[in-house]
Amino acid sequence: MADLLSRLSRCADVTLKRQSPIIEGRITRMIGLTLEAVGVQAAVGDCCRIVLNDKSAVEAEVVGFSGDRLYLMPLYPIEGLKQGAKVYPLADSGQVPVGDALLGRVINGIGNPIDSLGELRDVDEVSLAGDIINPLSRDPIKDTLDVGIRAINSLLTVGRGQRLGLFAGSGVGKSVLLGMMTRFTEAEIVVVGLIGERGREVKEFIEHSLGTEGLKRSVVVASPADDSPLMRLRAAQLTTRIAEHFRDQGKNVLLLMDSLTRYAQAQREIALAVGEPPATKGYPPSVFAKIPKLVERAGNGLPGEGSITAFYTVLTEGDDQQDPVADSARAILDGHVVLSRHLAEQGHYPAIDIEASISRAMPQIIHPDHLKTALRFKQLYSKYRQNEDLISVGAYVRGSDPDTDFAMERMPVMNELLRQSMSDPMPLQPCIQQLSMVLTPMPNANANPTSAVVQ
């Protein structure tokens, strides 16, 4: 009897250790970027492996379903795919690498290195979807952050944990300004997401904007324009997830994403491919639900933890500030820096349109005297712009308006404050002092107006 019980016990152990059977499905249809599969069970967001032939396979993500059919979106090109190709669900869906081993590395949207420095070692695997922080538990924005840009430090002061957008059309200097912030901003960790931009910009950004020293404290997630829309989408989410990991360790993180518009366009491609109806200018409703879900993950953590100060570039097609993606981003972000094509064409760099830009956290984090001076600067600058045409043709009569007269006198030095070389950082406190000097009347008519700004 005892022998029989022992044998039954061993059989039970073997039975419990036996793995679950592998469920195999097959591809039945392909339309555009979307694959249809039957015979396999998986949830939305899970990953599957599609066998192309005996030597290669490609990973795909479940993006929808209808009845017993799953809609898959591949991460890589699928040349050679045949009808009836086998599909297997993957057990480790949604796991991505994080950790200090990522510093100095360049990875793609699923966490694989693309910098020829070997495999990633000593990394932790975490879920791509981070934990949601209760908004009432977040540490409020209360400290200023020096970004090294004079126009921003003095007139659009940024708070640690703030989220801002860089709004501009193509070729106006978004990437250059982003690179300056990467080098100049005071942050322990820099996480850069290059989403859907030109492939050549990846190496240029690493070599020219980051440099060797900057790369040591940075993680770069790159998914150029020729990647699949799913890879671009995953790259933006991975960028945010890595920043969240360092924030949870108590680090002050600078998150730079170029661009939020390409993220929205990737989601548009996926949503339209699975049959979601278009709404505003061809964008399905899911796009405007995805943007706040991504952006809200940045910001300050719990009291005593770290912070994520985020800058997102937003491409305004045709310089249209009412573009649906730009309008949605403007509503959810804590401020926006608008770049003007008119200023860029005049050789005014960075081409920041001070009148159209705002930092919503600025009044709560700076001294009242600084705020008063910044508002006075904007008032004078706006007065001059309103009368610029009259002034340029000599039709304006001095004495008509005291503010306009003073703006005309100080405009050369005001413009000098707003300009900056790409290689010269401008610390926060000197920027505030220079702002006060700009609005100080000249002692005599022969004074040099540009002497108030330190180069």
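Is Cys48 buried or exposed? Cys48 has 0% relative accessibility and counts as buried, where buried means under 20% relative accessible area, exposed over 50%, and partly exposed in between, with a 1.4 Å probe and protein chains only.

The model is predicted, so local features need pLDDT of at least 70 and side-chain atom pairs count only at pLDDT 80 or more, while totals for chains, interfaces and linings use all residues. Residues are numbered from 1 along each chain as its sequence is written, and side-chain values use heavy atoms, with hydrogens and water left out.

A search of the whole structure finds zero disulfides, a disulfide being a pair of cysteine sulfur atoms within 2.5 Å. Cys47 is in no disulfide, and its nearest cysteine sulfur, in Cys48, lies 7.5 Å away. That distance is too far for a bond.

| Residue | Relative accessible area | State |
|---|---|---|
| Cys47 | 3% | buried |
| Cys48 | 0% | buried |

Of the 455 residues in the chain, 51% are buried. The chain has 14 helices and 19 strands; these are DSSP runs, helices being H or I of at least four residues and strands E of at least two, numbered from the N terminus. Along the principal axes, the C-alpha atoms fill a box of roughly 110 × 50 × 40 Å.

Among contacts (heavy atoms within 4.5 Å) between residues at least 6 apart in sequence, 72% join residues at least 24 apart. The chain exposes about 21600 Å², of which carbon and sulfur atoms supply 52%; accessible areas come from the Shrake-Rupley method with a 1.4 Å probe, and for residues only the protein chains shown count as cover.
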